Amino acid sequence: MPDESELIFVSHAGRDDQWAEWVAWHLEQAGYRVELALWHWRAGDDFVAKMSEALEQASAVVAVLSPHCFEPGRHTEDQWRAAVARGGRLIPVVVEPLERDRLPAFLSSRIQVDLHELPDEKEAVKALTEAVRGRGRPERPPLYPPAAAPGPQPRFPATASASAVWEVRRRRNPHFTGRDDVIGEIRRKLLAERHAAVQALHGTGGIGKTQVALEYVYRFREQYDIVWWIDAEQADQIPVHYAELAARAGVAKPDAGVEFNARYALDHLRSQERWLIVLDNAEDPERLEALLPDGPGHVLITSRNPAWGKIVPGLQLGVFSREESMGHLTGQLPSLTEEQADALAEALGDLPLALTQAAGVLSDGMPVDQYLRVLETNTAQLLDHGKAHGYPASLAASIGIAQDRLKDGHQEAVAVLRLASLLGPEPVPTGWLVAARPRLTTVPGDPGDFRWPQNALNPLARYGLAVVGTDAFQVHRLTQAVVRQEATGDVDAGALWDDVAALLTRVEPGDPDLPEAWPGWAALTPHLTSGLEPLSGRAELRRTLLMAATYLVRSAQPQAARQLAESLHRTWAVALGEDHPDVLDAAHMVTWALDGLGAHPEVLPLVEDVLERRRRVLGEDHPDTLRSSYDLGVTQGNLGRPMLALAILQDVLTRRRATLGDDHLETLRSADAVAGALGDLGRYEEAHEMTVDVLERRRSMSGDGHPHTLGSTQNLVLCLTSLGRGTEAHRLATDTLERYRAVFGDDHPETLRMVRTLVGALLTLDKVTEAHRVSTDALDRCRALFAEDHTQTVHAAHGVGVTLLLIGRPEDAHRMLSDVLERRRQKYSDDHPHSLQATHNLARALHDLGSHSEAERLLRAIRARIPRVLGDTHRLNQAVALTLADALAAQGKHFEAQKLRSATVRKIRSQLRRR
C-alpha cells in the first residue's frame, strides 16, 4: 500500500503531455502524491531548482518513454540519470514503440511497462499501479488521494479518439520546436479552472503565438469532444463561425439566422464538457468580450494586444530561449554547427518568425556568413525574403502592415517608434520620454498632454510593435532595423538624432563608481553604444559616454569598456586632436579597461603617454595629471616594481595633500595605494598605521558600507594578517566579505579579491581545510567568469595550490603551482613578486614530494633575485631561506643547512627588535 507521504515524480517530454497527465491522474487515484511539471510548475520558476527539489523528495521517478524523449535538446535523460544517481527508483513506462537498441544502457536493463500495447484503459491502469507499488495484494483499500487533478479525468491517450467536432483548417507545423514550458503553463492554467477557463496568449508580431496555440490544439486534441478554431481578426465574422459550430454540433435551426444560431452554439457549450475554442488574432478585446463562450470548457486566445490582460488571465509570450532558437535552426538545418546556430540566433534576436525565415533562406543555399552580412546591411529586404511555414506573411511585411495601421491616427506612436529604432534593443524606461518630452521636436502634438507617453505607447503595444510594461517599453532589434530602413526619407535624420541625444542627455543615473547607480547605467549604456557613431560626435554627450565607460569598468565589464573607450578615443582624436582633454580622458579610460582585463604590460606605455600629454597641456599639479601619475604608480606596482611604485605614489600623495587636502577622495585613494605599496615591500607596521588612518577618515565621511570604505577595510585585513594578528584579521575579513557580497554580489572581482584576503586570514589561524574549501570555490567562480590566464583566475589558482600543499596533497599542489608559475612568467617575468612567490611554493611542493635537489635549485635562483625586487628584509626572503635550509638538510647537507637556518633566525630576531 502506498504511504500518503510517498511522492512520485512524473518525467516526460513535452509532446507526451497527455500521457503524463493520464499517468499522474491515476497515480493520485491510487493514493500517491504526484509531482508533475505540467500541473505544479509555473512559468518563471527556476527549472533546475524545481527539478533538483523534485528528484530529492521523490521516492520514485516514473519515466514516460517515447521517441520524443530522445530528440536533440531534451533533458529527460539527464533527469533519469540524476534519479538513479540519487539512489531512487526509476520506473520506465513506454507509451510509444521504441527501438530498443537506441535506449541508453541504464534504461535498457530495467524492467519496463508497455502501456501502448494494452487493449484498454482498465488494463493500463492496472499495469501502471502494479509497476509503481509491485504486484503484491494490498491488505486494505487504497487511500483516498490527498489531491486530485482538477477538471475532467484525462482520457487514456492510446485509445482516445479525435474530437467529434473538429474545425481546425491549419495543418500541424512539422518544424515546431520548444515552447514546452509555455504549453505546459497554458494546460495547467486551463485545468486549474473548472468553469469558463480562458487564457489569452499575447506578444509582439512574429513571436509565434498562433504556432503555440496550434501545437496545443494538436497535442491535446484527444482530450476534447469539440475543437473549434476561429480566425478572430475580423470581429464581425465571429458569429458566423459560432453559427457554423451550431450546425456541426446539431443544435442549429435552419431558419434562425446567424445571430440566433451563434447563441445556440454558445448555449450548447454551457451544457457541455471537453470543448476548446481558439480565437486566433483577436485584436479587439472590448468588442470580443461579449462573444467569449461560457461553461465547463476552455478558451484560448492569441493576440498582439496586451489589453486582454485586463479582461481574462493571460500569458506574455517572449522570444525563444537561446537553446530553443538553436534547436529550431538545427532541426531544419542539421549541417549547422553550434557556433553558426548561436550566431544566427543572436543576430535574429531569437525571434521565431525570423528564425523560420532564415532557415528557409539558408536551405536554399545561402551560406551562413553571407546571410549574416546581408542581414546587417539590408535587413528589411532580407526579412521580406524566405517562406516561413505556418506564418501568413514575412516578418518585414508583418511589421509594415502594423506600421500602416499605426499611421492611421497615431502619429505620436509613429514618432516614438522611429526614435526607438535608433536606440538599443534593450528596454527603454518610459520616464525618459516624460523627462525629454519638451525637447523632442519630431514628436507631434501637445508636449503638455497629460496622456503622454501612454498615448504613444499603447498603440505600439496594440499592434505588436513593442512590448510595453508599467515603467519601460522594448522594440525588437529586427523591428528596429525594418523601421529604420523604411523611415529613410520620411523625416529629417538630423532631427531624429537630435531627439535621441535630447532623450539620452536627460538621464542622470548618478555616480558610476557606486553600485547603487549601476542599474541606471545598465539601462542607459546599451542605448548610448547602439548609436555610438552618430552620438559620439555630439559634445553634449561626451561626459555621459565617459561615465558609461567608467560604469563598465567598475561593474566588471572591462572588455565592453575597452571597446567603448577605444572607439571614443579614435573618433575624438581625429575631430579634436590628440591633446584635447576629452581625448585624454578617453585614453585614460582605455587604460582602466585594460587594467580590468589584467593586461598590465599593455597599460604602461598608454599611461606614460597620457601622463606626458597632461603634464604638457594641464601642468604638473592639475587633478587630471595627478590621476595619470597615480595610475602610473599603480601600474608599476602591478608589473612587480614595488620600490618604483612607492616612490611615484608617495609623490602623488604629497601633491594631493597640498592641493586637495587630507580628506579629499583622491588624497585618501593615494594614501591607500601608498599603504599597499609599503605592504608589498614588507613594511607592514607603516602600512598598518597609514591604513588605519585612511579607514577612520573613510568611515566618518562615507560609512562602513561604502565601496571605498570596504576597500580600505580589506587593506587593513591584509595588514593584520601580515602582522600575524590572525584572530582580528579573520573576524574583520568575515564581516567585510559579507558587506562586499551585499554591495557587489558574489561574483564581482572585488568580492573575489576579498575572498582571497579571507583565505590569508584563515591560513594565519591554521584553518587550512576551510581555507581550501573557500579558495576552491573562488577558483571555480573565476574560471566561470574569466579566462584561465586572467590575473584573477591565476591568483585564485595560486591560493588553491597553497592550500593543497598545506592539507597534504603535494602532487596536486605541484600540478597547480607549476601551471600558475608558467602563466605568471608568460604574463610578467621571473622577477615579478608573484612569480617569486609561486616559485617558492612550487619548491615547497617539490620538497614534500622528495625532489629536494630540484627544490634547492629553484630556491637558490629566487633567493638571489628577491633582494633586488623586494629588498633584503622582505619576509619572502626569510621564508625562502628557511625552506632552502630544509631542502639542504633533506639531502644530508646538515652543516650548510644549520648555518643558513641560524643566520636567518638571527636576521628575523633583529628585525623584530627594531619593530
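Me: Let's begin with Tyr371. Which residues is Tyr371 in contact with, leaving aside its neighbours within four places in sequence?
Reply: Keep in mind that this is a predicted model. Beyond those neighbours, Tyr371 touches Leu344, Leu348, Ala354, Ala358, Val361, Leu362, Met366 and Leu382. Tyr371 is also among the residues that touch the most other members of the largest nonpolar core, which has 175 residues; Val10, Leu27 and Ile186 are on that list too. Helix H25 (residues 542–554) gives this core its largest share, 8 residues. Apart from it lies another core, of 36 residues, including Leu817, Leu821, Leu836 and Ala881.

Me: Why is Tyr216 called buried?
Reply: Buried means under 20% relative accessible area. Tyr216 has 0%, so it is buried. Phe220 is also at 0%, so the label holds there as well.

Me: What makes Tyr216 and Phe220 an aromatic pair, and how is it oriented?
Reply: Ring centres have to lie within 6.5 Å, and theirs are 4.8 Å apart. The planes make 40°; stacked is under 30 degrees and edge-to-face is over 60, so what falls in between is tilted.

Me: And why is the pair of Trp518 and Phe744 given its label?
Reply: Their centres are 5.9 Å apart and the planes sit at 50°, so this pair is tilted. Trp518 is in helix H23 (residues 518–530) and Phe744 in helix H34 (residues 726–744), which puts the partners 226 residues apart in the chain.

Me: Are Trp518 and Phe744 buried or exposed?
Reply: Trp518 comes in at 11%, so it counts as buried. Phe744, at 16%, is under the 20% cut-off too, so it is buried.

Me: How do you know that the length of helix H39 agrees with its residue count?
Reply: H39 covers residues 833–848, and at 1.5 Å a residue its 16 residues should span 22 Å. The end C-alpha atoms are 23 Å apart, so the two agree. Its buried residues include Leu836, His840 and Leu846, and among the elements covering them are helix H30 (642–660) and helix H40 (852–870). After H39 comes Gly850, with a positive phi near 90°.

Me: How many disulfides are there?
Reply: The search of the whole structure turns up 0. As for cysteines, Cys719 is at 8% relative accessible area, so it is buried; Cys782, at 1%, is buried for that reason too.

Me: How confident is the predictor overall?
Reply: The average pLDDT is 88, and 92% of the residues score at least 70. Over residues 143–150, though, pLDDT stays under 50.

Notes: Residues are numbered from 1 along each chain as its sequence is written. This is a predicted model: local features need pLDDT of at least 70, side-chain atom pairs count only at pLDDT 80 or more; totals for chains, interfaces and linings use all residues. Side-chain values use heavy atoms; hydrogens and water are left out. A disulfide is a pair of cysteine sulfur atoms within 2.5 Å. Buried means under 20% relative accessible area, exposed over 50%, partly exposed in between (1.4 Å probe, protein chains only). Helices (H or I, at least four residues) and strands (E, at least two) are DSSP runs, numbered from the N terminus. The expected span of a helix is 1.5 Å times one less than its number of residues. Contact means heavy atoms within 4.5 Å. A nonpolar core is a set of buried Ala, Val, Leu, Ile, Met, Phe, Trp, Tyr and Cys residues joined through side-chain atoms within 4.5 Å. pLDDT is the predictor's confidence in each residue, from 0 to 100. Rings of Phe, Tyr and Trp (its six-membered ring) pair if their centres lie within 6.5 Å; planes under 30 degrees apart count as stacked, over 60 as edge-to-face and the rest as tilted.
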